[in-house]
Amino acid sequence: MATPIDVVMDLELVDNLQSFCIECENKLVDFCNIADDNEKLNQFLCDHGVLPKAKNCPNCGTPMKLNVDNQTFNCYKRYIVKKNKKKPMHMKCRKSVSQNSDTMFSKVSVPRSTVCKLVAFWALIPPPRLELMHIELSISSKTCMQWCKFLRSICECHILQTRKMLGGVGKIVEIDKMKLSGSSDKSKSECSWIFGGIEQQTKHLFLIPLVTCDRKSLLQAVKNNILEGTTVVSKHGWKSLGSLEKEGYVHLFVDNKTNFVDPTTGAHTQTITRLWREVKSKLPKFGSPKKYINGYLAEFIFKHMYPNYLTRIHHIFTAIASSYSSANHSSHSENTCEISQRSSTNICLDLESHTLVCTDERNTSNNSNEQISNKNLIIVDDIDNHSTCLIEMITTGTTNSNAHY
């Protein structure tokens, strides 16, 4: 059975991706110079799949010509119209289609060059960066926050599409949990904990927000992210997790009160301890980090996946193109919302609002007034217990101006 990722990489999409940029390097200043040149920016966006290079006329099917200055595709096909015995009339199609339609620039009032600069600022400059964007790009702080939120949702889509299980026979994965600052154990709705794991050999990782750290939740998270046969290392005395030997893992314990590195097995948790230090430095110290915790973790993992400063601009635009190309292709499919049937709750990318939305098949089928149109939605992945740890139910509500973006 085809998985959501297999469906995304349709043969038609692969043919289009063959002419795309493989991996280019750009410094921030160099990219800003590209963004100031309309032709160079258009070529960059086309090479990375963000904008279409060509379109066929929806009326006559003829290949349309691109006007870079007006950002439109125009059809100039001539044809002859005969009406009864009257003299034949020579006419033109004159159909015009915006190059920005069904892309990240659709229904956006901010200039294309400014948006691209903002994406580069977000990718290369660590937070807090909101004031810098506001001053350098001459756009409002609210607009900056909305675009930062959009980019974090793109990271969530990209991580779900490229998600892989960690470990395997002969590989070591360190696991641990971290309590969010200001969290209360009495809260039954907010995520108070982050459970994570990192593979020692490849440094691949996963981070999962949890409401409670009971054995059932932790065990399910381990099974969804770590392959059986993996050597799992955790701190000694973690009663809520217990032993994983019965679940098909090799479980080693480290007592940090005695030794940071076990003298017998050589096991340690130094890698994930450093990971927690990096995660804490990237999470907002003020505002509502727990409300947007999935987005912040997605941004952290995305930048961890692409640590090279020079190629990160390439990867963020490629991730944007992948999300919208999948959505555009699937919006014309008859079975858009039938990609996966394992769960009744799905995560979709809305082309009009540029946000992730949640559709519940059970609720929408029972209440016709709350049905969500499938025309502009593409299912990214299913919510399967803790496997969709990086999904945030993004709404159009107000954002907290105190959070660092």
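Predicted model: local features only at pLDDT ≥ 70, side-chain atom pairs only at ≥ 80, totals over all residues.

Colleague: Let me pick Phe150 and Tyr324: what kind of aromatic pair do they form?

Modeller: Their ring centres lie 6.4 Å apart, and the planes make an angle of 55°. Planes under 30 degrees apart count as stacked and those over 60 as edge-to-face, with the rest called tilted. The pair of Phe150 and Tyr324 is therefore tilted.

Colleague: How many residues apart are Phe150 and Tyr324 in the chain?

Modeller: Phe150 sits in helix α7 (residues 141–161), while Tyr324 belongs to helix α11 (residues 312–331). The pair links distant parts of the chain, and the separation is 174 residues.

Colleague: How are α5 and α6 oriented to each other?

Modeller: The axes of α5 and helix α6 (residues 130–137) come within 11 Å and cross at roughly 150°. The crossing is right-handed. Angles over 145 degrees count as roughly antiparallel, and α5 and α6 are therefore roughly antiparallel.

Colleague: And how do the residues of the contact of α5 with α6 divide by class?

Modeller: On the α5 side the contact is made by Thr114, Lys117, Leu118, Phe121 and Trp122. From α6 come Leu132, Met133, Glu136 and Leu137. The division is six nonpolar, one polar and two charged.

Colleague: Which peptide bond is cis, with omega near 0°?

Modeller: Look at the loop between α5 and α6, where Pro128 is found. Most peptide bonds are trans. Here, the cis bond is the one from Pro127 to Pro128.

Colleague: What about α6 and α7: how do they lie relative to each other?

Modeller: Their axes are 9 Å apart, and the packing angle is about 120°. α6 passes α7 in a right-handed crossing. With 65 to 115 degrees counting as roughly perpendicular and over 145 as roughly antiparallel, α6 and α7 are therefore oblique.

Colleague: Which residues of α7 does α6 meet?

Modeller: α6 contributes Leu130, Met133 and His134. The residues of this contact divide into five nonpolar, two polar and no charged. On the α7 side they are Ser141, Cys144, Met145 and Cys148.

Colleague: How are α3 and α4 arranged?

Modeller: Helix α3 (residues 28–36) and helix α4 (residues 38–47) have axes 5 Å apart and pack at about 110°. Phe31, Ile34, Ala35 and Asp36 in α3 meet Asn38, Lys40, Leu41 and Phe44 in α4. By class, that contact has five nonpolar, one polar and two charged residues. As 65 to 115 degrees counts as roughly perpendicular, α3 and α4 are therefore roughly perpendicular.

Colleague: One last stop: what is the phi of Arg94 near?

Modeller: Arg94 lies in the loop between β4 (89–92) and β5 (96–98). Most residues other than glycine have a negative phi. Arg94 has a positive value, near 60°.

Notes. Residues numbered from 1 in each chain as written. Heavy atoms only, no water. Axes fitted to C-alpha atoms, helices over the stretch in contact; angles between N-to-C directions. Helix = DSSP H or I, 4+ residues; strand = E, 2+ residues; numbered from the N terminus. Parallel < 35°, antiparallel > 145°, perpendicular 65-115°, else oblique. Left-handed = near helix turned anticlockwise from the far one by under 90°. Contact = heavy atoms within 4.5 Å. Nonpolar A, V, L, I, M, F, W, Y, C, P; charged D, E, K, R; others polar. Phe/Tyr/Trp six-rings, centres within 6.5 Å; stacked < 30°, edge-to-face > 60°.
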